[in-house]
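Visitor: Please walk me through this model. I will ask, and you answer briefly.

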Amino acid sequence: MRTVTESTDTPMAAPSRHFRPMLVGLGAWTNHLHFAYDAVAVLRPQMLVELGTDRGESYFCFCQSVVENRTGTRCFAVDNWRGDLHVGGYDEATYREVAAHNEKHYHDFSTLVRSDFADAVARFADNSIDLLHLDGLHTETAVRQDLERWLPKLKAGGILLMHDVTVRNRGFGVWKVWEELCARGRSFTFHVGPGLGLWEKPPRRPQPPLIESFLSAPNESSAQFLSEYHACTAELHQRIAQSWNDGTIRDTYFAQQTTVQVFFSKDGVHSEEDSVLARIGHDEWKELALPLPPGGYGAVRIDFVSAFTTIEIAAIRLRKPNGATLFEAESAEAFNQIRVAGDATRLPHARSLRIQVTGLDPQLYLPHLARTGDVPEPVTVELKLRVSASERSG
Ligand SMILES: C[S@@+](CC[C@H](N)C(=O)[O-])C[C@H]1O[C@@H](n2cnc3c(N)ncnc32)[C@H](O)[C@@H]1O
């Protein structure tokens with residue numbers, strides 16, 4: 001790994017001070033983009049590998065830094081692009097868009113490896129990777145397996161980044177593995193958002209000052225970097241909120257897909273923990289089947305993250321494993337039992353449920369499932385829907 005140690009690499013001169021991410025607001029990475037950009041800029045890795053790319057919020061930030069800081073890095077994004085238990089399943093629209101973005105901006109140094117992590121590992125030699133980012137499935141077992149397979153590929157003195165190291169709900173177990181890893185090498189934990197871990201594979205070696213400041217934190221320079229990152233991230237969050245307020249979110253990469261989130265609870269008090277996700281591309285009819293864990297589901301709510309689109313729903317069913325339905329809507333009368341709330345307006349339609357999304361949080365409340373609230377076996381939520389860009393007014 002080639003390093004930069006010039007005197008300009010001071011807390012007041014983080015390379016990311018002029019960084020304006022091309023892609024933001026896609027996932028859980030907003031809080032860490034500036035550090036990720038700086039890590040590439042100062043480490044100047046010869047080879048960077050990311051495990052878990054999804055829509056590319058983190059990966060394309062690394063790539064943007066490669067270009068803007070002329071680091072000459074070879075980058076590899078490994079993902080099967082099918083989704084997982086925690087991000088939910090998604091369709092081909094994700095890979096199509098990631099591949100198109102990669103081809104347009106980064107094809108000369110960046111390769112997408114569409115594969116399971118376990119199969120891709122043989123493509124990389126031991127001690128060949130300078131900067132490895134692990135952000136796959138977040139269960140403890142999966143993270144252990146991923147590390148066991150991939151740590152030998154990281155060079156001695158190489159840097160590992162791990163995302164979601166502080167999340168302790170939703171079945172996430174990264175934090176447990178992270179705590180053990182911290183005992184085996186120098187590390188730093190960014191506690192903002194879902195947490196980002198920075199770890200140096202032993203034996204220790206001199207790192208560029210920005211990285212060194214974190215690996216030997218707490219100290220004055222790490223505190224200054226953190227405060228800069230905090231300010232930059234706040235600005236980014238404002239930029240994202242503004243793009244929802246003024247509608248320009250429609251023009252972003254983000255706007256070409258819709259996330260469907262089904263919340264379930266016994267009492268109508270909904271939490272992220274009791275929800276399942278899926279993501280779809282636009283303009284075609286899609287059929288989704290989202291299994292809910294066994295339990296009682298008196299109250300089911302369906303949310304969308306969808307940039308000012310029109311969503312047409314031809315069918316909603318809650319089905320038991322034996323095929324029996326707990327709830328079914330396929331006609332205007334049945335759809336009338338569903339309450340449209342939040343940032344959504346019901347549009348007239350003879351047969352289906354059609355809504356206009358008017359902001360970040362549109363919601364559909366299914367009627368209370370009074371007699372079936374204690375179903376012990378898993379239930380599947382089936383949806384047939386099509387999402388289309390809305391006509392702009394004015
Ligand atoms: C948390 S997301 C990645 C988020 C991404 N880094 C970002 O910036 O938004 C996890 C990704 O890992 C992928 N994934 C999980 N387990 C995998 C495995 N064993 N092999 C290949 N891909 C996997 C999923 O398809 C999903 O896209």
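Visitor: Which residues of α1 are buried?

Guide: This is a predicted model, where local features need pLDDT of at least 70, side-chain atom pairs count only at pLDDT 80 or more, and totals for chains, interfaces and linings use all residues. Residues are numbered from 1 along each chain as its sequence is written, and side-chain values use heavy atoms, with hydrogens and water left out. α1 is mostly covered, with 11 of its 11 residues buried (buried: under 20% relative accessible area; exposed: over 50%; partly exposed: in between; 1.4 Å probe, protein chains only). The buried residues are L33, H34, F35, A36, Y37, D38, A39, V40, A41, V42 and L43.

Visitor: Which residue follows α1, and what is its phi?

Guide: Helices (H or I, at least four residues) and strands (E, at least two) are DSSP runs, numbered from the N terminus. Most residues other than glycine have a negative phi. The residue after α1 has a positive one: R44, near 45 degrees.

Visitor: What does F214 touch, leaving out residues up to four places away in sequence?

Guide: Contact means heavy atoms within 4.5 Å. On that basis F214 touches F35, S187, F188, F190, L198, S222, F225, L226 and Y229.

Visitor: How far apart are the C-alpha centres of the two domains?

Guide: The chain is divided into domain 1 (11–245) and domain 2 (257–389), with bounds from an automatic or database domain assignment. The contact takes 14 residues from domain 1 and 14 residues from domain 2. The C-alpha centres lie 33 Å apart.

Visitor: Where is the second largest pocket, relative to the domains?

Guide: The search uses a 1 Å grid over the protein atoms alone: a pocket is an open set of points with protein on both sides within 12 Å along at least five of seven lines, and lining residues have an atom within 4 Å of a point. The lining has 26 residues, with L85, G88, S275, V276 and L277 nearest the centre. The elements giving two or more residues are β4 (88–90), β11 (275–281) and β12 (286–292). Domain 1 (11–245) and domain 2 (257–389) both contribute to the lining, so the pocket lies between them.

Visitor: What volume does the second largest pocket have?

Guide: Grid points are joined across faces, edges and corners, and a volume is the space filled by probe spheres set on the points. The value is about 430 Å³.

Visitor: How does the lining of the second largest pocket divide by class?

Guide: Ala, Val, Leu, Ile, Met, Phe, Trp, Tyr, Cys and Pro count as nonpolar, Asp, Glu, Lys and Arg as charged, and the others, Gly among them, as polar. The lining has 12 nonpolar, five polar and nine charged residues.

Visitor: V387: buried or exposed?

Guide: V387 lies in strand β18 (residues 379–389). Beyond its neighbours within four places in sequence, V387 contacts T258, I280, H282, D283, S306, T309, T310 and I311. Its relative accessibility is 0%, so V387 counts as buried.

Visitor: What is the relative accessible area of N102?

Guide: N102 sits in helix α3 (residues 92–106). N102 touches Y59, F60, H107, S110 and L112, not counting residues up to four places away in sequence. N102 is buried, at 5%.

Visitor: Where is P218, and what is the peptide bond from A217 to P218?

Guide: P218 lies in the loop between α7 and α8 (220–245). Most peptide bonds are trans. The bond from A217 to P218 has omega near 0 degrees and is cis.

Visitor: What is the phi of W81?

Guide: W81 is in the loop between β2 (74–79) and β3 (83–84). W81 is buried, with a relative accessible area of 1%. Its phi is positive in a residue other than glycine, near 50 degrees.

Technical notes. On a 1 Å grid over the protein atoms alone, a cavity is a set of points where a 1.4 Å probe fits but cannot get out, and a pocket is an open set with protein on both sides within 12 Å along at least five of seven lines; lining residues have an atom within 4 Å of a point.
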